Amino acid sequence: MSETGDRVLEGIEAAGRRVLPMHEYLAEHDAETFEAYDAFLRKTIYEKHALDDKTKEMVLAVACVGAGSSIPVIAAHARKSMAAGASRTEVLQALELAAAVAATRSMATSVLAMIEAEKE
């Protein structure tokens, strides 16, 4: 493994983040991209910025729904949002918005597929 890859892995561990198999793979096979990717994540997710923790974690929960993340990942962000002051209702309504957008996109795609099918 490269010195760069080792340094990025050590930084992830030192920050209390979990080292994932993809991290180890990138550290060994594409350390420069891994370093840039980790810097991007640190800047956008892990460092303090204009959003308060309640809002940031709620946005992350909703984004994870849209990205198809696992239930434990979505739940962790929902939990962090509530720990930072969001009510259960706020988090639930934010997640419902994400579900409504996904349902609308799915319905639109399905209907457009039927319109295309009927053209033939």
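Predicted model: local features only at pLDDT ≥ 70, side-chain atom pairs only at ≥ 80, totals over all residues.
1. Helices (H or I, at least four residues) and strands (E, at least two) are DSSP runs, numbered from the N terminus. By that rule, Val73 sits in helix H5. Val73 is partly exposed, at 34% relative accessible area; buried means under 20%, exposed over 50%, partly exposed in between (1.4 Å probe, protein chains only).

2. Residues are numbered from 1 along each chain as its sequence is written, and side-chain values use heavy atoms, without hydrogens and water.

3. Confidence: pLDDT is the predictor's confidence in each residue, from 0 to 100. The chain average is 94, and 99% of the residues score at least 70. Among the elements, H3 has the lowest mean (94) and H5 the highest (97).

4. Helix H6 covers residues 88-119, 32 residues in all. Its first and last C-alpha atoms are 47 Å apart, close to the expected 46 Å (1.5 Å times one less than its number of residues). Val91, Ala94 and Ala98 are its buried residues. Their cover includes helices H4 (53-67) and H5 (71-83).

5. Helices H2 (21-29) and H3 (31-46) pack at about 130°, axes 6 Å apart. That makes H2 oblique to H3: angles under 35 degrees count as roughly parallel, over 145 as roughly antiparallel, 65 to 115 as roughly perpendicular and the rest as oblique.

6. In contact (heavy atoms within 4.5 Å) are Met22, His23, Leu26, Ala27 and His29 of H2 with Ala31, Phe34 and Tyr37 of H3.

Terms used. Axes fitted to C-alpha atoms, helices over the stretch in contact; angles between N-to-C directions.
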